[in-house]
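Colleague: I would like to learn how to read helix packing and overall shape from a model. Please start with the handedness of a crossing.

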Amino acid sequence: MVTVQLRDVAEGDRERLLAWRNSPDVSAHMYSDHKIGHGEHDHWFDVARHDPRRRYWIIEVDGQPMGLANLADIDLVHRRCAWAYYLASPKVRGLGVGSFVEFQIIEYVFGQLHLNKLWCEVLVSNERVWRLHELYGFQREALFRQHVMKQGHEVDVVGLGLLASDWDIRRDAMAERLRAKGYAIPPTARQAA
Ligand SMILES: CC(C)(COP(=O)(O)OP(=O)(O)OC[C@H]1O[C@@H](n2cnc3c(N)ncnc32)[C@H](O)[C@@H]1OP(=O)(O)O)[C@@H](O)C(=O)NCCC(=O)NCCS
């Protein structure tokens with residue numbers, strides 16, 4: 001059993017985030033796979049990261065920084081936001097860490113931000129991840145054909161959305177699933193928020 005925590009990104013994460021984002025294990029699943037230079041990264045780190053419509057957390061596994069989770073396009077008018085995440089090393093994938101982070105992010109979006117919808121986009125080839133989202137109650141809302149260029153080829157993208165009402169139905173089953181894997185999930189986290 002591993003301990004998983006989300007903490008705010010800090011100055012000390014600057015270099016590691018650039019290295020993670022440029023690693024083939026991460027960039028393979030992102031929209032852009034060009035090599036990000038220090039200028040582009042520093043702009044993101046110093047400016048874009050502080051955009052109030054975004055939030056970034058480091059995923060820590062047993063106290064070690066292992067990945068990034070973020071919210072984007074936080075829209076208080078339409079009460080929705082987008083999200084994405086990654087674990088930098090394949091060695092910590094497949095252990096249930098991602099599922100736990102997914103649960104925490106969903107709880108935060110509906111329980112603390114009080115938004116109505118969480119949505120995301122996933123490369124159609126990344127079937128493991130869009131199936132994971134579907135398990136959590138996300139519904140496929142779009143198939144964007146030839147939406148991004150990956151290594152010179154047009155790639156389709158799946159658009160998925162989770163409503164607060166979908167989560168009301170799904171939450172208990174997902175909490176039970178995580179508890180069975182040894183994660184501590186409070187019974188009424190959302191109501192208590
Ligand atoms: C997406 C990501 C964060 C998920 O985290 P993770 O810790 O690997 O996910 P989990 O271990 O919780 O596994 C989630 C589910 O994926 C499936 N899964 C896990 N390992 C798998 C494997 N080796 N093969 C197929 N499916 C697998 C299972 O359904 C699993 O749930 P279950 O074991 O409870 O049945 C991680 O895989 C990752 O960083 N991927 C690369 C970046 C990425 O694709 N990000 C999303 C872009 S939008």
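Modeller: A crossing is left-handed if the near helix is turned anticlockwise from the far one by less than a right angle, and right-handed if clockwise. Helices (H or I, at least four residues) and strands (E, at least two) are DSSP runs, numbered from the N terminus. In this structure α1 passes α3 in a right-handed crossing. The model is predicted: local features need pLDDT of at least 70, side-chain atom pairs count only at pLDDT 80 or more, and totals for chains, interfaces and linings use all residues. Residues are numbered from 1 along each chain as its sequence is written, and side-chain values use heavy atoms, with hydrogens and water left out.

Colleague: At what angle do the axes of α1 and α3 cross?

Modeller: Axes are lines fitted to C-alpha atoms, for helices over the stretch in contact, and angles run from 0 to 180 degrees between N-to-C directions. Helix α1 (residues 14-22) and helix α3 (residues 38-46) have axes that cross at roughly 120 degrees and come within 11 Å. That makes α1 oblique to α3; angles under 35 degrees count as roughly parallel, over 145 as roughly antiparallel, 65 to 115 as roughly perpendicular and the rest as oblique.

Colleague: Which residues make the contact between α1 and α3?

Modeller: Contact means heavy atoms within 4.5 Å. On α1 they are R14, E15, L17 and L18, and on α3 they are H38, H41, D42, W44, F45 and D46. These residues divide into 4 nonpolar, 2 polar and 4 charged. Ala, Val, Leu, Ile, Met, Phe, Trp, Tyr, Cys and Pro count as nonpolar, Asp, Glu, Lys and Arg as charged, and the others, Gly among them, as polar.

Colleague: What is the handedness of the crossing of α4 with α6?

Modeller: α4 passes α6 in a left-handed crossing. Helix α4 (residues 97-112) packs on helix α6 (residues 164-180) at an angle of about 145 degrees, and the axes are 11 Å apart. The contact residues of this pair divide into 9 nonpolar, 1 polar and 2 charged; among them are F103 in α4 and W167 in α6.

Colleague: How is the radius of gyration of the chain read?

Modeller: The radius is taken over C-alpha atoms, and the globule rule is 2.2 Å times the number of residues to the power 0.38. For 193 residues a compact globule would come near 16 Å, and the protein chain, at 16 Å, agrees. As for burial (under 20% relative accessible area; exposed is over 50%, partly exposed in between; 1.4 Å probe, protein chains only), 46% of the residues count as buried.
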